[in-house]
Amino acid sequence: MKIPFLGHRPEKRGAPDPEGLAELLAECELLRSHASRAGVQLDDTAASLEALDQLVPGWRDDEEILPWLGNDAGLYLGTVIVRTVPGAAWQIRPDGQPVVRLASGREFDVVASGQEWARSGVPELSQSYAEVAEA
């Protein structure tokens with residue numbers, strides 16, 4: 001069925017735009033809001049990960065916010081890695097999970113790391129970053 005005012009729809013979808021994907025995953029609104037209220041500026045650097053590690057984890061008492069904040073923390077960790085580690089890029093696994101693929105081909109599940117950090121503080125985001133940046 002062709003509907004002229006809708007225009008031509010492409011037959012096949014290509015890979016997502018890497019820059020658009022990176023911008024979307026970098027939003028992390030909940031984490032940015034918490035950090036801002038605590039006086040921490042998230043500027044996509046390793047130093048900002050260290051600052052996040054120093055936050056008082058008041059969110060651990062809120063079961064509703066904990067998974068969302070952990071997800072955002074993981075996406076922010078991935079954002080810092082993608083923007084500062086040469087050859088690192090976002091990939092979306094077939095199950096829909098965003099991961100960071102390093103130049104070596106190794107995948108890093110940043111969301112799982114963010115979830116662990118939000119729940120227990122271990123490993124620290126800066127420590128996870130250092131391990132990835134070293135590889």
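Six salt bridges turn up when the whole structure is searched, a salt bridge being a side-chain nitrogen of Lys or Arg within 4 Å of a carboxyl oxygen of Asp or Glu. Keep in mind that this is a predicted model, where local features need pLDDT of at least 70, side-chain atom pairs count only at pLDDT 80 or more, and totals for chains, interfaces and linings use all residues. Residues are numbered from 1 along each chain as its sequence is written, and side-chain values use heavy atoms, with hydrogens and water left out.

| Salt bridge | Closest N and O atoms |
|---|---|
| R83 with E23 | 3.0 Å |
| D44 with R32 | 3.4 Å |
| R119 with E116 | 2.6 Å |

R83 sits in helix α4 and E23 in helix α1 (residues 18-25), so this pair ties together parts 60 residues apart in sequence. Helices here are DSSP runs (H or I, at least four residues), numbered from the N terminus. D44 is buried, at 15% relative accessible area, while R32 is partly exposed at 25%; buried means under 20%, exposed over 50%, and partly exposed in between (1.4 Å probe, protein chains only). E23, R32, D44 and R83 are linked in a salt-bridge network.

The axes of α2 (residues 29-37) and α4 (residues 66-84) come within 7 Å and cross at roughly 95°. That makes α2 roughly perpendicular to α4 (angles of 65 to 115 degrees). E29, L30, L31, R32 and H34 in α2 meet W68, L69, D72, A73 and Y76 in α4, with contact meaning heavy atoms within 4.5 Å.

Technical notes:
Axes are lines fitted to C-alpha atoms, for helices over the stretch in contact, and angles run from 0 to 180 degrees between N-to-C directions. Helices (H or I, at least four residues) and strands (E, at least two) are DSSP runs, numbered from the N terminus. Angles under 35 degrees count as roughly parallel, over 145 as roughly antiparallel, 65 to 115 as roughly perpendicular and the rest as oblique.
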